[in-house]
Amino acid sequence: MIRAGTIRRVVTWIPDPQRFPRFALLVGPSPLTPLPRFSAALGGRVEVWIKREDLLPLAFGGNKLRNLEFLVGAALAAGADTLVTSGRRWSNHARLTAAAGAKAGLAVHVVLSGPPVDPPNPGVRLDELLGATVHQAATDDRAERTAIVDRVLADLRQGGRHPYLVAIGGTGIVGAIGQVLAGMELADGAAAAGVRPDTVVVPSATGGTQAGLLVGLRTAGLATAVHGVAVTPPEPLRSQVAAIVSGLGGIDGLAQVDDADILLDGSQLGGGYGRPTEEAAEATRLLARTEGILVDPIYTAKALAGLVALARDGALDGRRVVFWHAGGSPGLFEPLDA
């Protein structure tokens, strides 16, 4: 074991506030803690830690709050009075956008895929509780959802409002700045604990979290691998991660990262995005019954299943792994088969 106090950050980077204005949504780092009983249940061959993004402060937490600090900052700097975003009906990002808008005093419109369920599913109820106006499509067809977003934006502008469009998942360069800082935060937390992570396992859906963590860790001087477990089809996702990594690498002070460092694992996708798998359910039970920590079946459980599979295959033997708990706890109560 590496002794405490022997590891230090070697690089500090602060976003230019003129280029990347920030609206504070966080109150401090998310916890970084070891999982000794979970590690033992995997045979003691890997030392697993967890980064508790689910404990970030607003609306059941979740790593998308990091993106939203900079997206809300950009919206306010542009004079916007309304945020517009979209996602599936259980969207973690939509819920946190509603919460961030409430915190910033901005109206929020969220466009969600259908079909609607009766009574409304927990995601919709939470979005409305947080003050968002919910527009729900009749089907899960992305083209229909996009058309509704376009209509909402046009109606708002015609009514004299000033909307700011937040991309699905808050992805893109602006949002990924928050994840770069998360990677640096991980480097700081690991240094404070006297450890050096070998691998981070993270759910990857729109690419921004994986890309930002990778660039942030490299900027902090760590060669830690970032193993993205795809919860959407991996080949379109790979190009999204690469594009964001490339864009971040063009910002002064941030590390440039080779495409070869983009590790994307499509083995846990199962029947598709939002479709549960038995492997994810088993991983969820294992973490819950060894450490008392819950993960949702849509994002984090599939990433956890990826970690379990790697550990059981021996691919992580002797390594220290950080599991990135991205949040999404309300997904445990979603009717995913509807």
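## Burial and overall build

Of the 338 residues in this chain, 57% count as buried. Keep in mind that we're looking at a predicted model here. The secondary structure runs to 10 helices and 10 strands. With a radius of gyration of 19 Å, close to the 20 Å from the globule rule for 338 residues, the chain is as compact as a globular protein of that length. Along the principal axes, the C-alpha atoms fill a box of roughly 60 × 45 × 35 Å.

What about contacts along the sequence? Take the ones between residues at least 6 apart: 79% of them join residues at least 24 apart.

## Surface and charge

Which residues have the most contacts inside the largest nonpolar core? They are Trp13, Val245, Leu248 and Leu254, in a core of 39 residues. The elements that put in two or more residues are helices H6 (173-193), H7 (208-219) and H8 (234-249), along with strands E7 (199-204), E8 (225-230) and E10 (320-325). H6 gives the most, with 9 residues.

Leu254 is a handy place to start looking around. Setting aside neighbours within four places in sequence, Leu254 is in contact with Trp13, Val180, Met184, Val215, Thr219, Leu248 and Gly249.

Is Gln179 buried or exposed? Its relative accessible area is 0%, so Gln179 is buried, the cut-off being under 20%.

Who are the neighbours? Leaving out residues up to four places away in sequence, Gln179 touches Asn63, Arg66, Asn67, Gly208, Thr209, Gly212 and Leu213.

The loop between strand E4 (107-112) and helix H4 (122-129) is worth a stop, and Pro115 lies in it. A cis peptide bond joins Gly114 to Pro115, with omega at about 0°. Pro119 is found in the loop between E4 and H4 too, and here the cis bond is the one between Asp118 and Pro119, again with omega of about 0°.

Now for the loop between strand E2 (47-52) and helix H2 (64-77), where you'll find Ala59. The phi of Ala59 is near 50°, which is positive even though the residue is not a glycine. Phe60, in the loop between E2 and H2 as well, has a positive phi of about 70° and is likewise not a glycine.

## Out at Pro297

Pro297 belongs to the loop between helix H9 (278-291) and helix H10 (300-312). Why does Pro297 count as buried? Because its relative accessibility is 19%, and buried means under 20%.

How far is Pro297 from Trp13 in sequence and in space? The two are 284 residues apart in sequence, and their C-alpha atoms are 35 Å apart.

Definitions and conventions:
Residues numbered from 1 in each chain as written. Predicted model: local features only at pLDDT ≥ 70, side-chain atom pairs only at ≥ 80, totals over all residues. Heavy atoms only, no water. Helix = DSSP H or I, 4+ residues; strand = E, 2+ residues; numbered from the N terminus. Rg over C-alpha atoms; globule rule 2.2 N^0.38 Å. Buried < 20%, exposed > 50% of the residue type's maximum accessible area, 1.4 Å probe, protein only. Contact = heavy atoms within 4.5 Å. Core = buried A, V, L, I, M, F, W, Y, C linked by side-chain atoms within 4.5 Å.
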